[in-house]
Amino acid sequence: REYQIAAAEFYAGQFGKAEADFDRIAADTSSPWHDISAYIAARACIRQGTLGKNEAKLREADSRLRAIANDPARGNLRASAQDLLNFVRARTDPDQRLTELATDIMQPKLGDRLSDDLAEYTDVWYHMEPGHLPAAGKSEVTDWILAIQAGGENARKWPAKPTLPWLLAALMWTKSDDLIDAARAVKADSPG
């Protein structure tokens, strides 16, 4: 019954009450709802943080979710907590989250995870504060996107960075004999 009341409060948008009630249930180790209640209390913090633009609640959610994600006894809740933690971190420290995702994106053989990482990277980028660009110099992926967006000489890092992505960036904005020669040397079966 206590869990049903807390859930009703949560879905009614009474997130402070729901958080407190889920915390009480989470503290009761004899409750069958003990583990999930700690997770839902963290979700209540996220809702207060996002809807109420309350940075402190997002940071509290971060702390709660880290505890769950790092606790081997939490079993299958750990992965869900990590996913929510990534969501929170994208709002509290988007530059750092972009850097982590960019690092992941550059790893070989990611399989399905590549699609997820690219989707999250794009989502984080587009939800940054208006006028705020990601920090340059933290990842090659972010630097390349910033250079493409800025255009001109910003994209002309090739041949200082003689890689296919930088060659393509330079070709988008400038044409020169050295670029044309380098482009001709790219194999026909290359993605570039």
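**Close-up views of helix packing and salt bridges**

Arg-113 is partly exposed, with a relative accessible area of 40%. This is a predicted model, in which local features need pLDDT of at least 70, side-chain atom pairs count only at pLDDT 80 or more, and totals for chains, interfaces and linings use all residues. Residues are numbered from 1 along each chain as its sequence is written, and side-chain values use heavy atoms, leaving out hydrogens and water.

**View 1. Arg-113 forms a salt bridge with Asp-117.** The closest N and O atoms are 3.6 Å apart. A salt bridge here is a side-chain nitrogen of Lys or Arg within 4 Å of a carboxyl oxygen of Asp or Glu. Both residues lie in helix H7 (residues 112-126), 4 residues apart, about one turn of the helix. Helices are DSSP runs (H or I, at least four residues), numbered from the N terminus. Asp-117 is buried, at 7% relative accessible area. Buried means under 20%, exposed over 50%, and partly exposed in between (1.4 Å probe, protein chains only).

**View 2. Arg-74 and Asp-35 meet in a salt bridge through their side chains.** The N to O distance is 3.7 Å. Arg-74 lies in the loop between helix H4 (55-69) and H5, and Asp-35 in helix H3 (residues 34-51), so the pair ties together parts that are 39 residues apart in sequence. Arg-74 counts as buried at 18% relative accessibility. Asp-35 counts as partly exposed at 32%.

**View 3. Leu-77 lies in helix H5 (residues 77-92).** Leu-77 is buried, with a relative accessible area of 10%. Not counting residues up to four places away in sequence, Leu-77 touches Asp-35, Ile-36, Tyr-39 and Ile-68. Contact means heavy atoms within 4.5 Å. The C-alpha atoms of Leu-77 and Ile-36 are separated by 7.7 Å, and the two residues are 41 residues apart along the chain.

**View 4. Asp-181 and Arg-184 meet in a salt bridge.** Their side chains come to 3.9 Å, N to O. Both lie in helix H10 (residues 177-184), 3 residues apart, about one turn of the helix. Asp-181 is partly exposed, at 49% relative accessible area. Arg-184 counts as exposed, at 66%.

**View 5. Helix H1 (residues 2-11) packs with helix H2 (residues 15-27).** The angle is about 155 degrees, and the axes are 8 Å apart. H1 is roughly antiparallel to H2, a term for angles over 145 degrees. In this contact, H1 residues including Tyr-3, Ile-5 and Phe-10 meet H2 residues including Phe-15, Phe-22 and Ile-25.

How values were computed
Axes fitted to C-alpha atoms, helices over the stretch in contact; angles between N-to-C directions. Helix = DSSP H or I, 4+ residues; strand = E, 2+ residues; numbered from the N terminus. Parallel < 35°, antiparallel > 145°, perpendicular 65-115°, else oblique.
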